[in-house]
Amino acid sequence: MTNATTNECADIFRFFWSWTSDPMRVAAIAPSSESLARVITREIGPSDGPVIELGAGTGVFTRALLAQGVREQDLTLIEYGSDFMRVLQLRFPQARVLWMDASQLAQYKLFPEATVGAVVSGLPLLSMSPRKIMSILNGAFSYLRPTGAFYQFTYGPRCPVPRPILDRLGLKATRVGGTVRNLPPAAVYRITRRQPLGARRTSDPSFAEPS
């Protein structure tokens, strides 16, 4: 058995154990697939660094970000599970790994304002209260550049951030892909700041009305 296979089996066991211990926090019985990792990171490149990853788990999305050319030292990995945090520290020694609740992002000065190019979230937003979702987005967007984006996956049929929250924060959500090669199948949304009505580039094929 190769080291990669051994790590994969260990990660599956670790996720399952964490899920049985606290299903509302983990909300998945297995790590995200490499297919989902490619979808959620495919718009991100080296110029987007620094990048924040929320709920980094065992590092599936982290490895995909590195494959996209993002430097390991440009990664800040936020993880609330202490068991996952230790794994991340061992696997990505050049990244900044922080043991904290993602809803507390705004309480700490992790970066100068408008420094971060992208935020990738593996958080189970569907199991969170609207207040907590708003705190997470407020914190993330306090660091994001004006053109930066927040990427979130979901197992549900629509964006996991409710429309009233998007409206209140002046954000829009666009579905950018999905995969059936995940347990369960998942979709990915890009969440960005809304442009003033007069500044919208309607000729841009990537533009879509908020969902």
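Helices (H or I, at least four residues) and strands (E, at least two) are DSSP runs, numbered from the N terminus.

I noted the basis of the entries: this is a predicted model, in which local features need pLDDT of at least 70 and side-chain atom pairs count only at pLDDT 80 or more, while totals for chains, interfaces and linings use all residues. Residues are numbered from 1 along each chain as its sequence is written, and side-chain values use heavy atoms, with hydrogens and water left out.

**Entry: α3 and Thr41**

I listed the buried residues of α3 as Ser35, Leu36, Ala37, Val39, Ile40 and Thr41. That is six of the eight residues, and the helix is mostly covered. I then took Thr41, which lies in this helix (residues 34-41). Its relative accessibility is 1%, so Thr41 counts as buried. Which residues is Thr41 in contact with, leaving aside its neighbours within four places in sequence? I found Phe61, Ala64, Leu65 and Gln68 (contact means heavy atoms within 4.5 Å).

**Entry: overall layout**

I counted seven helices and seven strands in the protein. Along the sequence they follow the pattern α-α-α-β-α-β-α-β-β-α-β-α-β-β. Buried residues make up 50% of the 211 residues. Of the contacts with a separation of 6 or more, 66% are between residues 24 or more positions apart. The protein exposes about 10700 Å², and carbon and sulfur atoms supply 55% of that area. Accessible areas come from the Shrake-Rupley method with a 1.4 Å probe; for residues, only the protein chains shown count as cover.

**Entry: the sheet**

I traced an open sheet of seven strands in the order β3-β2-β1-β4-β5-β7-β6, with mixed pairing. Its edge strands are β3 and β6, each of which pairs on one side only. Two strands pair if DSSP finds at least two bridges between them. Neighbouring strands of the sheet are turned by 20° against each other on average, direction ignored. For β2 (residues 75-79) and β3, I found four bridges joining the two strands, which run parallel. Thr76 stands opposite Arg96 in β3.

I also looked at how α6 sits relative to the strands. The helix lies across β1 (51-54), β4, β5, β6 and β7, and runs at about 145° to β5. Axes are lines fitted to C-alpha atoms, for helices over the stretch in contact, and angles run from 0 to 180 degrees between N-to-C directions.

**Entry: salt bridges**

How many salt bridges does the structure hold? I found five (a salt bridge is a side-chain nitrogen of Lys or Arg within 4 Å of a carboxyl oxygen of Asp or Glu).

I checked Asp101 with Lys132, where the closest N and O atoms are 3.3 Å apart. Asp101 lies in the loop between β3 (96-99) and β4 (116-121) and Lys132 in helix α6 (residues 130-143), so the pair ties together parts that are 31 residues apart in sequence. Asp101 is buried at 16% relative accessible area, and Lys132 is partly exposed at 29%.

I next checked Asp167 with Arg163, at 2.9 Å between the closest N and O atoms. These two are four residues apart in helix α7 (residues 163-169), so about one helical turn separates them. Asp167 is partly exposed at 36% relative accessibility, and Arg163 is partly exposed at 40%.

Asp167 also forms a salt bridge with Arg194, the closest N and O atoms being 2.4 Å apart. This pair links distant parts of the chain, with Arg194 in the segment after β7 (186-193) and Asp167 in helix α7, 27 residues apart. Arg194 is partly exposed at 26% relative accessible area. Salt bridges that share partners join Arg163, Asp167 and Arg194 into one network.

**Entry: backbone exceptions**

Most residues other than glycine have a negative phi, and most peptide bonds are trans. I noted a cis peptide bond joining Gly49 and Pro50, with omega about 0°. Pro50 lies in the loop between α3 and β1. The peptide bond from Leu183 to Pro184 is also cis, with omega near -5°, and Pro184 is in the loop between β6 and β7. Ala114 has a positive phi of about 55° although it is not a glycine. Ala114 lies in the loop between β3 and β4 and is partly exposed at 37% relative accessibility.

Conventions
Buried < 20%, exposed > 50% of the residue type's maximum accessible area, 1.4 Å probe, protein only.
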